[in-house]
Amino acid sequence: MLAYRHAFHAGNHADVLKHLVLVQVLRHMALKDKPYRFVDTHAGAGGYSLEGRYAQKKAEFAQGIARLWERDDLPPALAELVALVRQFNPEGRLAQYPGSPALAHLLRRPGDQLRLFELHPTDHRILNAYLGQQKGVEVRFADGFEGLKGQLPPPSRRGVVLLDPSYETNGDYARVVAALRDALQRFADGVYLVWYPQVAKVEAAELPRRLEALAGKRWLHARLTVGRPDAKGFGLAGSGMFVINPPHTLHERLAPCLPYLSALLGQVDGASHRLEQKSA
Ligand SMILES: C[S@@+](CC[C@H](N)C(=O)[O-])C[C@H]1O[C@@H](n2cnc3c(N)ncnc32)[C@H](O)[C@@H]1O
């Protein structure tokens with residue numbers, strides 16, 4: 001039984017980094033008329049109330065999206081994310097946060113396809129009620145690592161895959177690598193986005209190097225460290241996004257955002273960021 005519920009963490013610093021990158025990638029995909037398929041292997045509930053008891057428990061969003069909400073000096077790519085969050089909050093106050101399925105839904109054109117996998121029964125039910133009836137959207141109560149195999153290559157040969165597990169078990173690190181290896185064999189030209197946590201675990205520390213080795217010639221790695229683990233080594237110090245086959249404009253779009261985020265969201269003196277890429 002899965003214990004992780006994203007509702008506790010919605011809109012935190014890790015979501016801001018993840019969704020900043022995702023939005024830039026999907027906007028780039030929309031520059032060409034040909035439709036794309038977006039596969040979210042770990043989709044969550046789709047969107048989250050920030051006023052409900054889950055989000056309020058630790059109010060992680062207060063140190064994430066809430067800090068960006070009223071800013072008038074956002075770098076353009078962050079302004080685009082906040083504009084979408086505003087679209088998700090038609091009443092004007094920050095009451096809800098869009099998950100990756102909601103952001104993809106806001107950005108999709110009529111021919112684009114969404115394939116959303118979620119294994120938690122409650123989150124699957126919420127996601128299915130929200131997007132399951134939309135044309136071009138399929139919501140599956142299935143293992144996203146396994147389900148990915150049947151989604152590649154997309155019919156249009158244009159595709160974006162987000163791998164965003166909860167890393168509840170150490171096995172997720174190895175499964176991300178195995179799923180990507182398989183996916184790249186099926187569809188080498190896809191854009192693959194992997195989110196990973198900065199936690200005190202060997203598997204987490206090693207993951208970026210393993211992804212680099214797998215990615216080969218074209219990748220981008222964005223990392224935001226806002227805190228440090230507690231005395232027992234628990235806690236999310238930050239997170240990273242690793243992108244295989246990134247759009248050529250992604251580095252330039254993210255460059256002003258990372259120092260901005262580390263200054264705005266940093267919870268300790270040593271808050272930092274990193275942005276690196278390899279291009280063929
Ligand atoms: C970090 S959350 C996803 C957040 C979402 N991608 C977003 O950005 O809004 C991870 C989700 O994966 C689900 N999950 C865990 N293992 C899974 C698996 N093998 N296949 C599909 N979903 C899984 C969890 O129930 C959880 O809702």
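Modeller: The side chain of Lys18 has an N or O atom 3.2 Å from an oxygen atom of the ligand. The model is predicted, and that holds for every value below.

Colleague: How many residues surround the ligand, and which are the closest?

Modeller: The ligand is surrounded by 20 residues, the closest being His19, His42, Ser100, Glu118 and Asp164. Sorted by class, the shell has nine polar, six charged and five nonpolar residues.

Colleague: Which residues of H4 are buried, and what covers them?

Modeller: An α-helix has 3.6 residues a turn, so residues three or four places apart point the same way. In H4 the buried residues are Ala77, Leu78, Glu80, Leu81, Val82, Leu84 and Val85. Their cover includes helices H1 (13-29), H3 (65-69), H5 (100-107), H10 (250-254) and H11 (257-265), along with strand E3 (96-98).

Colleague: H11 is part of that cover. Is H11 itself enclosed or open?

Modeller: H11 is largely enclosed by the rest of the structure, because seven of its nine residues are buried. These are Cys257, Leu258, Tyr260, Leu261, Ser262, Leu264 and Leu265. H4 is in turn among the elements covering them, which also include H1, H3, H10 and strands E8 (219-225) and E10 (272-278).

Colleague: Take a strand residue, Val243. Is Val243 buried or exposed, and what does it touch?

Modeller: Buried means under 20% relative accessible area. Val243, in strand E9 (residues 238-244), is at 0% and therefore buried. Beyond four places in sequence, Val243 touches Val21, Val191, Tyr192, Leu193, Arg218, Trp219, Leu220 and Leu250.

Colleague: And in a loop, what does Ser156 contact?

Modeller: Ser156 lies in the loop between helix H7 (144-147) and strand E6 (159-163). Its relative accessible area is 16%, so Ser156 is buried. A polar atom of the Ser156 side chain lies 2.8 Å from the backbone oxygen of Pro35.

Colleague: Where should I look for backbone exceptions, starting with a cis peptide bond?

Modeller: Most residues other than glycine have a negative phi, and most peptide bonds are trans. Here the bond from Leu152 to Pro153 is cis, with omega near -5°. Pro153 is in the loop between H7 and E6.

Colleague: Which phi values are positive in Ala59 and Tyr167?

Modeller: Ala59 has phi near 45°, and Tyr167 has a phi of about 55°. Ala59 is in the loop between helix H2 (53-58) and H3, and is partly exposed at 23% relative accessible area. Tyr167 sits in the loop between E6 and helix H8 (171-186), and is buried at 5%.

Definitions and conventions
Residues numbered from 1 in each chain as written. Predicted model: local features only at pLDDT ≥ 70, side-chain atom pairs only at ≥ 80, totals over all residues. Heavy atoms only, no water. Near = heavy atom within 4 Å. Polar contact = N/O pair within 3.5 Å; in protein donor to acceptor, adjacent residues only side chain to side chain. Nonpolar A, V, L, I, M, F, W, Y, C, P; charged D, E, K, R; others polar. Buried < 20%, exposed > 50% of the residue type's maximum accessible area, 1.4 Å probe, protein only. Helix = DSSP H or I, 4+ residues; strand = E, 2+ residues; numbered from the N terminus. Contact = heavy atoms within 4.5 Å.
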